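Open the model in your viewer and keep the selection tool at hand. The tour goes from one selection to the next.

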Amino acid sequence: TIEPQTYNDDLRLAHVLADSVDSLTMARFKALDLEVETKPDLTPVTDADKAAEESIRSQLSRVRPRDAVLGEEFGSTGHGTRRWIIDPIDGTKNFVRGVPVWATLIALVDEGRPVVGLVSAPALGKRWWAAEGTGAYMGKSLAAATRIRVSNVAELKDASLSYSSLSGWAERGNRDEFIALTDDVWRTRAYGDFWSYCMVAEGSVDIACEPELNLYDMAALVPIVTEAGGRFTSLEGADGPFGGNALATNSILHTEVLQRLNPNWDDLLG
Ligand code: IPD
Ligand code: CA
Ligand code: CA
Ligand code: CA
């Protein structure tokens, strides 16, 4: 096992990686010559997505040569128990339209456990991070940090829910349950992407959920939400990280939301 001190070094490294990638992505944001391609799944990818992931990979191969890496644009490399998981730009659709809600997500997973998570959203002027056991923080750097906590909202009628898109709920077979849940909460917003989950950690949203989400979309978010006192599971209640779908709450509302989104909840419990 690795000492917590090493995790702190890894957290510092995540900040260093984010600092250099932020200048690269910011220089390309709103660039008139942005190169946009369409992926086989019909979503956009830009030269900035690829350059950001390449930059993180080349730095990691120098300073952490033994660690494995998984990134959205260039897949999986290396073996070993420690694996960095990178989404170079989360929110590419926003990025290509000039909307500032996009971020670089950097996570370190050790033997399947997410031990470091960092979300850097330079166009919003925001960064969130956590390492296992440190609590969760937001700020511009390690030195300029504010500790963050989830909300105390205890009832659905007072809760704020954020999601990314409606497609996917039908495929999961419970679009109706999701719509009914959005009717019963105080407020529903589609802040989307990383932002919904970081707002759960900050306490400004109480429930974030997504029927379709990849490991690289969520690995960095798990420690940020859980170290802020929240819970992060799959929509079926399994502890993360995982690929497929996600539910993050302030903890208090978690079981009630799982019950609402799984009409067969009693069967799931066995
Ligand atoms: C997307 C965002 C979005 C989610 C999609 C992802 P990208 O990531 O996280 O919220 O609904 O499934 O693919 O492509 O902008 O990194
Ligand atoms: Ca993408
Ligand atoms: Ca993503
Ligand atoms: Ca991405």
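Start with two strands, E5 (82–90) and E13 (207–213): each of them supplies at least two residues of the shell around ligand 1. The model you are looking at is predicted.

Next, select ligand 1 and the 14 residues around it; Asp90, Thr92, Ser164, Asp193 and Asp217 come nearest.

Now zoom out to the protein chain, which is divided into domain 1 (4–148) and domain 2 (156–268). Give each domain its own colour. Where does ligand 1 lie relative to domain 1 and domain 2? Ligand 1 lies between them, because both domains give residues to its shell. The centres of the two domains, taken over C-alpha atoms, are separated by 22 Å.

Then go to where the domains meet: 30 residues of domain 1 are in contact with 20 residues of domain 2. On the side of domain 1 that touches domain 2, select strands E3 (68–71), E5, E6 (103–110), E7 (113–121), E8 (126–131) and E9 (135–139), each of which supplies at least two residues. Stop at E7, which gives the most to this side, with six residues. Last, colour this side of domain 1 by class: 21 residues are nonpolar, five are polar and four are charged.

Notes: Residues are numbered from 1 along each chain as its sequence is written. Chains are lettered from A and ligands numbered from 1 in the order in which they are written. This is a predicted model: local features need pLDDT of at least 70, side-chain atom pairs count only at pLDDT 80 or more; totals for chains, interfaces and linings use all residues. A residue is near a molecule or strand if its C-beta atom, placed from the backbone, lies within 6 Å of it. Helices (H or I, at least four residues) and strands (E, at least two) are DSSP runs, numbered from the N terminus. Domain bounds come from an automatic or database domain assignment. Two residues are in contact if their C-beta atoms, placed from the backbone, lie within 7 Å. Ala, Val, Leu, Ile, Met, Phe, Trp, Tyr, Cys and Pro count as nonpolar, Asp, Glu, Lys and Arg as charged, and the others, Gly among them, as polar.
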